[in-house]
Amino acid sequence: MNLLDGKLAAEAVKEELKLQVAERAAAGKKIPHLAAVLVGNNGASATYVAAKVKACEQTGFISTLIRLEDTVTKHKLLETIRALNEDIDVDGILVQLPLPKHIPEQEVIDAIDPQKDVDGFHPVNVGKMVQGAESFVPATPLGIMLLLSHNKIDTAGLKAVVIGRSNIVGRPMSILLSANTNPGNCTVTLCHSKTKNLAEHCQQADIIVAALGQPL
């Protein structure tokens, strides 16, 4: 079993981005600007957004945090997104999920300009990812692919089991691992709550990605 150090890989990615941003600044080019929208006071969501803002600071990105009350109307949230779509100074938009129950998440995701959808949740970006075209990709699956790449792991021909079929992690993870890329080219089995003999699938796997939101 290989134990991969995610923190070490993350620091390497941050350092590379920091250099790229510094080079852009030295050349007089635009510095990337991320706008994050946080609705309500969900503790986990606030922690995630704070980590993203901190990562922006560490790499030299510009970040803007927009906080809205959990009573915000769908109309107001969509107006906020439209304004960010039209703001030429903003390069990326992130609306932290989950949203309050009275706001339909898919409608909010669909409202984000695909060219600014850094979460990679918009149907346009999902479609491009499936086709193998350049697109924004959900962060956790992309992070796992970068972790494999950083550790120079040859995944071609390996058996991978992905546990969980969410649109945020499980499904995109299975697509990326099976893509004709490096890392990639795995034979992927996507398991879920209705999968029979889960332990048997895992025992046959070279790579296991658990995307259940809870320990196995």
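How much area is buried between domain 1 and domain 2, and what share of it do carbon and sulfur atoms give?

Modeller: This is a predicted model, in which local features need pLDDT of at least 70 and side-chain atom pairs count only at pLDDT 80 or more, while totals for chains, interfaces and linings use all residues. Residues are numbered from 1 along each chain as its sequence is written, and side-chain values use heavy atoms, with hydrogens and water left out.

The domain assignment divides the protein chain into domain 1 (6–119) and domain 2 (137–210), bounds that come from an automatic or database domain assignment. Taken over C-alpha atoms, the centres of domain 1 and domain 2 are 26 Å apart.

To your question: about 420 Å² is buried between the two domains, and carbon and sulfur atoms give 70% of that area; buried area here is the accessible area (1.4 Å probe) that two parts lose on being put together, summed over both. On the domain 1 side, Ala9, Val13 and Asp119 supply 60% of the area buried against domain 2, more than any other three residues.

Counted by contact (heavy atoms within 4.5 Å), 7 residues of domain 1 meet 6 residues of domain 2. By class, the side of domain 1 that touches domain 2 has 5 nonpolar, 1 polar and 1 charged residues, where Ala, Val, Leu, Ile, Met, Phe, Trp, Tyr, Cys and Pro count as nonpolar, Asp, Glu, Lys and Arg as charged, and the others, Gly among them, as polar.
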